Amino acid sequence: MACFVVSAAEAVIVTAVKKVEEKKELKNVENDIDKHEDVSIPWSRKMGWLTKMLWGGSALLAFEHVWHGEVVPWFPFLTAMSNAEDAAEMFHEMATVGVGMASLITVVWIGMCAVADAIVKRSAKEAVEKATM
Amino acid sequence: MTLLITVFAAVITTVLWYNRKDDSMKLGILLFMFWGASLMWLVDALFEYAELKSAYFTPALEDMINDSFLGLSVIALALVIWVVRLLITDPKGSVRAALVRSKN
């Protein structure tokens with residue numbers, strides 16, 4: 001009914017946090033206070049992966065809802081908002097399916113970040129080993 | 001069916017991204033879009049399965065055709081978003097080159 005709204009809301013928050021993080025990272029580079037000795041992927045880049053998954057997924061699911069006539073181009077945009085019974089059902093779906101969708105994407109993203117960090121660290125380690133040979 | 005079609009699109013895009021020579025085609029955006037939608041539809045499918053049990057795997061022919069049509073439309077929409085973004089960001093400078101050429 002409107003399950004994609006939860007992921008879209010998370011996308012808005014993560015996009016805002018990403019912008020702040022990007023500014024912080026840029027400031028650190030300009031002031032040369034980025035003392036990261038180890039090789040790692042910047043947080044803003046990792047957050048970029050999450051925002052793309054959330055925005056992309058929400059956009060495609062929003063299209064599915066338009067297809068099924070659950071989202072309309074006029075106020076209040078969600079057909080379920082027309083009566084209290086449908087609205088209650090919609091909120092229940094958002095709390096179950098919607099939260100489940102946003103949670104799964106976030107969990108997969110956390111796994112992606114861990115694997116990506118491990119790959120980068122392994123590459124750096126191999127480069128150091130090659131250099132010392 | 002929509003989930004299945006989107007997962008296939010996600011896997012194909014991931015393989016294309018893995019074999020890319022450079023990042024000029026910006027396949028990452030398409031890849032994340034398909035995987036994001038696949039994960040979201042997976043959750044939807046799990047909830048539906050919990051409700052319908054084995055009946056979930058025997059959909060009516062009409063529903064299957066509609067879902068397939070929807071799946072293909074979703075792929076088309078994602079491809080349009082990707083290609084529009086590619087033309088706007090113009091990482092290879094092809095659009096710029098074409099515009100400059102036509103100006104001269």
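This dialogue discusses how to read several features of a predicted model.

Me: How should confidence be read, and what is the mean pLDDT of chain B?

Reply: Where pLDDT is low, the predicted coordinates should not be read in detail. Chain B has a mean pLDDT of 93, with 98% of its residues at 70 or more. For the complex, the predictor gives an ipTM of 0.89 and a pTM of 0.89.

Me: What span does helix H2 of chain A reach from its first C-alpha to its last?

Reply: An α-helix has 3.6 residues a turn. H2(A), residues 43-67, has 25 residues and reaches 36 Å, close to the 36 Å expected at 1.5 Å a residue. Just after H2(A), Gly69(A) takes a positive phi of about 75°.

Me: At what angle do the axes of H1(A) and H2(A) cross?

Reply: The axes of H1(A), residues 4-30, and H2(A) come within 8 Å and cross at roughly 155°. Angles over 145 degrees count as roughly antiparallel, so H1(A) is roughly antiparallel to H2(A). The crossing is left-handed. The residues of this contact comprise 12 nonpolar, 8 polar and 5 charged.

Me: How many residues does each chain give to the contact between chains A and B?

Reply: Chain A gives 21 residues and chain B gives 16. On the side of chain B that touches chain A, helices H2 (27-52) and H3 (61-89) each supply at least two residues. The largest share, 11 residues, comes from H2(B). By class, that side of chain B has 13 nonpolar, 2 polar and 1 charged residues.

Notes
Residues numbered from 1 in each chain as written. Chains lettered and ligands numbered in written order. Predicted model: local features only at pLDDT ≥ 70, side-chain atom pairs only at ≥ 80, totals over all residues. Contact = placed C-beta atoms within 7 Å. Helix = DSSP H or I, 4+ residues; strand = E, 2+ residues; numbered from the N terminus. Nonpolar A, V, L, I, M, F, W, Y, C, P; charged D, E, K, R; others polar. Expected span 1.5 Å × (residues − 1). pLDDT = per-residue confidence, 0-100. Axes fitted to C-alpha atoms, helices over the stretch in contact; angles between N-to-C directions. Parallel < 35°, antiparallel > 145°, perpendicular 65-115°, else oblique. Left-handed = near helix turned anticlockwise from the far one by under 90°.
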